[in-house]
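Try each task before you read its solution.

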Amino acid sequence: MKYLTNDKLVIVGAGGMIGSNMAQSALMLGLTPNVCLYDIYEPGLKGVLGEIDHCGFEGANVTATIDPAEAFTGAKYIVSSGGAPRKEGMTREDLLKGNCRIAAEFGDNIKKYCPDVKHVVVIFNPADVTALTALIHSGLKPEQLTSLAALDSTRLQEALAQEFGVQQSKVTGAHTYGGHGEAMAVFASQVKIDGKPLSEMGLSEEKWETIKHNTIQGGSNIIKLRGRSSFQSPAYQAIKMIEASMGGDKFTWPAGCYVNNKVFQNVMMAMPSTIDGTGVHFTAPKGTAEEMAALKASYEHLCKMRDEIIGLGIIPPVAEWKSLNPNL
């Protein structure tokens, strides 16, 4: 089997459903034969390793460890789902304190064991703030670390495809920006249905509000239907992000990026972006006045969560970030 690279890929949280799906997806897509599974829960980790071995991937060199030094040393690419999952009745924000402490330790491990890592994707919630925490602690450059945000956009795309009875890929420009949470900004002005602007499709305001609501609550709906948080879709999207950073097909869905410009300061947020072999690159969102106001509100919500973890001492005040990460 031909692999994209031989570089070491570490799956953090590999004993869980997202992590195990990421490991399988990475090997099925031929990213690298050198995959290290890391988790603190050894029985689940051993079970996943057994399953992956039973797949019989040609040329694969899959290892598993509960030791962070063994896992992170020599890593060139990392995807982490290593936080607590969301349960029914919880918002992504409910996971803030505990998962940000995990993210801080994750970033410290990167700085200590693999400072020359090429790209890191953080996907455990609330992803915007856990990724920001990891970035600050890791010492990495902003273009080297992204968070998963694409699911909100693919959920919007799927809802519109169902509404108009078209193949999902025929819906373009269906994007959400800002936070990956209850306050995300859902954009309609750039959407096209099989090449035709959404504004010309006769969609009622009431129907659009329902689609927007269902997009925002997409993760909650999966929990209600399956009894557990999403795992197949975040696993696939995260691995496609890492694939792009390895030099594979570019990833063009919105990604959570570190933003610090005249409009938005010192946050991780979903932006129009591209991930390629040089990292993540983003541009400013384009939308109506109403959409940009929603984006500003989403940004303000992210600032509140950021300031909350500053208050908890998980990350230092913004003015002191350079002491932990000179690249910020």
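Predicted model: local features only at pLDDT ≥ 70, side-chain atom pairs only at ≥ 80, totals over all residues.

Residues are numbered from 1 along each chain as its sequence is written, and side-chain values use heavy atoms, with hydrogens and water left out.

**Exercise 1.** Work out how α4 and α5 pack.

Step 1: find the helices. α4 covers residues 96-113 and α5 covers residues 127-138; helices are DSSP runs (H or I, at least four residues) and strands likewise (E, at least two), numbered from the N terminus.

Step 2: get the geometry. The two axes are 7 Å apart, at an angle of about 30°. That makes α4 roughly parallel to α5 (angles under 35 degrees count as roughly parallel, over 145 as roughly antiparallel, 65 to 115 as roughly perpendicular and the rest as oblique). Axes here are lines fitted to C-alpha atoms, for helices over the stretch in contact, with angles from 0 to 180 degrees between N-to-C directions.

Step 3: list the contact (heavy atoms within 4.5 Å). Among the residues involved are Leu96, Phe106 and Ile110 of α4, and Val129, Ala134 and His137 of α5. By class, eight are nonpolar, six polar and two charged (Ala, Val, Leu, Ile, Met, Phe, Trp, Tyr, Cys and Pro are nonpolar, Asp, Glu, Lys and Arg charged, and the others, Gly among them, polar).

**Exercise 2.** Now do the pair α5 and α10.

Step 1: the axes come within 10 Å and cross at roughly 50°. That makes α5 oblique to α10.

Step 2: α5 brings Asp128, Val129, Leu132 and Thr133 to the contact, and α10 brings Leu302, Met305, Arg306 and Ile309. Sorted by class, that gives five nonpolar, one polar and two charged residues.

**Exercise 3.** What lines the largest cavity?

Step 1: check the volume, which is about 40 Å³. A cavity is a set of points on a 1 Å grid over the protein atoms alone where a 1.4 Å probe fits but cannot get out, and lining residues have an atom within 4 Å of a point. Points are joined across faces, edges and corners, and the volume is the space filled by probe spheres set on them.

Step 2: name the lining. Asp128, Val129, Leu132, Val267, Met268, Leu302 and Arg306 line the largest cavity.

Step 3: assign the elements. α5 gives the most, with three residues, while α5, β13 (267-271) and α10 (289-311) each supply at least two.

Conventions. 1 Å grid on protein atoms, 1.4 Å probe; cavity = no way out; pocket = protein on both sides within 12 Å on 5 of 7 lines; lining within 4 Å.
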